[in-house]
Amino acid sequence: MEGLRLPTLPAHHCSTLTALSLRLALFFPEGNECISANAKYCGECIQAGAKCGWCKDPFLKQGETVSTRCDEIQSLRNKGCAEDMIENPRGDQTVLRDKAVTNRDITQIQPQKISLTLRSGEPQSFTLKFKRAEDYPIDLYYLMDLSYSMKDDLENVKNLGTHLMLEMSKITSDFRIGFGSFVEKTVMPYISTTPAKLLNPCTGDQNCTSPFSYKNVLRLTSDGKKFNTLVGQQHISGNLDSPEGGFDAIMQVAVCGDLIGWRNVTRLLVFSTDAGFHFAGDGKLGGIVLPNDGKCHMENNIYTMSHYYDYPSIAHLVQKLSDNNIQTIFAVTEEFQPVYKELKNLIPKSAVGTLSANSSNVINLIIDAYNSLSSEVILENSKLPEGVSIAYTARCKNGVVNEGENGRKCSNISIGDEVAFNISITKHCHFGNGTFECGACKCNEGRVGRQCECSSNDVATEDMDRTCRKDNGTDICSNNGDCVCGTCECKKRENPEERYSGQFCQCDNFNCDRSNNKLCGGHGRCECRVCICDYPWTGSACDCSLDNSTCMASNKQICNGRGICECGTCKCTDPKFQGPTCETCPTCPGVCTEHKECVQCRTFGTGEKKDTCDEDPDKLPQPTDATYPVMHCKERDANDCWFYYTYAVNNNTEKEVHVVETLDCPAGPDIIPIVAGVVAGIVLIGLALLLIWKLLMIIHDRREFAKFEKEKMNAKWDTQDNPIYKSPINQFQNPSYGRKAAAL
């Protein structure tokens with residue numbers, strides 16, 4: 001259904017309300033709602049309820065109030081009010097387009113367009129028919145994972161175009177097919193691999209293309225041979241982790257309708273992979289913190305913002321797929337069936353099929369999934385205006401009736417089957433306590449709330465305030481608003497550009513970080529006190545540029561592969577390296593040796609390059625009085641002479657060398673042979689003296705040993721008595737022993 005139009009009431013009615021200013025009393029309090037409204041004028045009475053009318057006849061008796069004119073229709077008649085004097089406008093509906101549905105027609109619903117005039121409390125109902133048509137056009141876009149594990153699958157998909165065209169011709173004569181591929185985000189500043197690894201991420205002699213996020217290889221076409229040709233030119237790529245960046249690709253396929261070539265027909269997206277998926281939040285692993293904006297960012301058929309925006313969330317994908325009426329078929333291997341079946345439960349109008357190890361069954365998988373999806377019809381409506389409600393009742397095949405949330409759908413529908421949906425639309429403000437004017441409820445005196453649901457006497461009660469405190473805190477509406485009927489109404493600022501927002505008025509758009517005295521550095525917008533930066537800026541104040549051109553080295557690497565680019569400046573991860581692109585390492589071994597031959601050639605005319613030195617007449621640059629680091633070098637030439645020079649890289653990344661032009665040689669070249677001979681003679685004499693000393697020591701040792709043997713033979717003591725033995729026992733005698741004792 002193309003849409004509903006809600007016009008104003010006819011001019012002759014006393015109501016002065018606009019198209020959405022009708023009042024509904026869906027729930028009535030006890031008693032007569034018309035009298036309870038205490039209406040003072042016609043419009044207020046009409047909106048008090050569907051049964052209410054206003055008598056224009058001056059029948060009032062003395063002492064009766066004006067509100068007596070407002071009553072139920074039959075009561076007004078009983079009071080004597082003439083029928084033609086009762087103001088009682090009714091809702092109405094007008095069918096604007098009502099083409100009948102047939103078996104072979106692109107139109108499958110009837111009516112196609114309807115206009116409703118709503119009165120409060122009076123639902124407007126109509127019946128919508130759906131008939132599944134034969135030969136309905138189909139657009140199918142094949143989105144394939146081209147990581148290395150899908151190598152054998154690609155070989156089978158290369159001939160998919162003509163084969164699938166043949167099979168789909170049995171279902172529809174109007175079929176188009178397209179192709180896209182994905183691998184993973186490539187966040188260059190955070191990749192520590194070599195350039196060769198980026199150009200060919202596969203191992204061994206495998207020929208792989210460099211990694212990419214998403215490419216639209218072929219927009220939707222009816223030329224199956226073109227599909228085979230372009231897909232046949234594709235190459236497998238590589239990735240560092242198992243989950244892939246397929247959600248980025250799905251988002252771009254959904255929102256880049258003109259680029260893909262979607263028509264207003266059945267739209268099928270086949271998502272083929274043998275791995276899991278990254279989703280919102282995983283981008284932080286590569287330093288990406290900005291949420292996906294759900295917009296098309298394709299240049300030359302390549303997604304260009306994968307390094308800037310995070311992966312989309314599942315809810316975000318559901319919204320975009322639904323908005324663009326795309327039905328998704330997940331063709332995945334057996335290993336990941338549980339994961340994608342859970343995903344299917346979250347994405348309406350989607351199906352999951354088991355992909356064989358080499359994708360040989362992909363055509364049967366697509367046909368089965370299409371039949372499953374096309375056999376079910378689900379009605380959806382856009383966001384309704386506040387105060388408007390809609391209810392569905394489905395009358396499906398075999399007399400099945402679905403109500404409530406299931407009233408939106410019917411299943412098991414075959415070609416030619418017809419089902420019907422009863423749709424009821426109502427407008428209201430709560431309990432007849434206000435009128436719906438200009439898209440909002442205008443509450444009666446003493447009533448408050450978005451739908452006039454609360455009494456003003458209850459506004460300041462403790463129970464009402466409790467729902468206005470964030471996290472059970474003490475501040476009501478974060479001190480930035482008032483709690484009205486349990487809901488925060490945020491204060492207004494003097495500056496109309498500044499405003500509070502949020503359930504508890506906890507957010508604002510003027511308290512974000514500043515840079516150069518500008519909110520968000522002038523490069524973004526402030527949402528809930530957090531800067532949402534424009535491309536290519538990031539940081540808490542959007543003062544950090546993501547442009548890495550200033551970090552690009554001459555070898556086309558970011559920071560020479562030795563650091564990361566932060567805010568346009570290289571941050572070298574290895575402290576030994578320095579320079580604007582981490583290109584120099586003054587303290588590294590080999591830096592002096594690297595420039596040795598150049599110094600010899602330029603300064604002394606020696607070395608291996610002395611014969612080609614004149615081919616490059618530039619002189620060695622000399623250092624200036626600067627503060628950059630200087631390395632002192634000492635090298636030796638072929639004549640054992642030392643030469644000295646300094647090496648540095650100035651602030652303009654230019655190499656500077658200063659050479660001491662005097663060689664440091666140990667002796668003149670004429671006496672070198674003499675010195676060598678003397679040294680050789682000294683060495684020979686030393687060896688001779690060493691041999692003589694060794695011989696004398698041997699003779700001395702032999703003489704001493706012979707003397708020892710001779711003395712041992714001449715020994716005369718008893719072998720049982722040790723000549724050096726001394727007894728440890730001593731004897732002593734008392735000098736008084738044997739004498740008589742003296743008499744006392």
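Guide: A cavity is a set of points, on a 1 Å grid over the protein atoms alone, where a 1.4 Å probe fits but cannot get out; its lining residues have an atom within 4 Å of a point. Grid points are joined across faces, edges and corners, and the volume is the space filled by probe spheres set on those points. The model is predicted, so that local features need pLDDT of at least 70 and side-chain atom pairs count only at pLDDT 80 or more, while totals for chains, interfaces and linings use all residues. Residues are numbered from 1 along each chain as its sequence is written, and side-chain values use heavy atoms, with hydrogens and water left out.

By this rule, there are 2 cavities of 30 Å³ or more. The largest cavity holds about 30 Å³ of space, and its lining consists of Val318, Leu321, Ser322, Ile326, Ile347, Pro348 and Lys349. Helix α10 (residues 314-323) supplies the largest share of this lining, 3 residues; helices are DSSP runs of H or I with at least four residues, strands are runs of E with at least two, and both are numbered from the N terminus. For the classes, Ala, Val, Leu, Ile, Met, Phe, Trp, Tyr, Cys and Pro count as nonpolar, Asp, Glu, Lys and Arg as charged, and the others, Gly among them, as polar. The lining of the largest cavity accordingly has 5 nonpolar, 1 polar and 1 charged residues.

The second largest cavity has a volume of about 30 Å³. Arg132, Ala133, Glu134, Asp135, Tyr136, Ile171, Tyr370 and Ile415 line this second cavity, giving 5 nonpolar, no polar and 3 charged residues.

The cysteines come next. A disulfide is a pair of cysteine sulfur atoms within 2.5 Å, and the structure holds 17 disulfides. One of them joins Cys490 to Cys505, with an S to S distance of 2.1 Å; this link is left-handed, at -100 degrees about the S-S bond. Relative accessible area is called buried under 20%, exposed over 50% and partly exposed in between, using a 1.4 Å probe and protein chains only. Cys490, at 26%, is partly exposed, whereas Cys505, at 0%, is buried.

Another disulfide joins Cys507 to Cys528, S to S 1.8 Å, and is left-handed at -55 degrees about the S-S bond. This pair links distant parts of the chain, 21 residues apart: Cys507 is in strand β29, and Cys528 is in the loop between β32 (524-527) and β33 (530-533). Cys507 is buried at 9% relative accessibility, while Cys528 is partly exposed at 38%.

In the disulfide of Cys572 and Cys582, the sulfur atoms are 2.0 Å apart, and the link is left-handed, with -105 degrees about the S-S bond. Because Cys572 lies in strand β37 (residues 569-572) and Cys582 in the loop between β37 and α14 (591-594), the pair ties together parts 10 residues apart in sequence. Cys572 is partly exposed at 24% relative accessibility; Cys582 is buried at 0%. Cys598, by contrast, is in no disulfide, the nearest cysteine sulfur, that of Cys601, being 6.7 Å away. Cys598 is partly exposed at 31% relative accessibility.

How values were computed. 1 Å grid on protein atoms, 1.4 Å probe; cavity = no way out; pocket = protein on both sides within 12 Å on 5 of 7 lines; lining within 4 Å.
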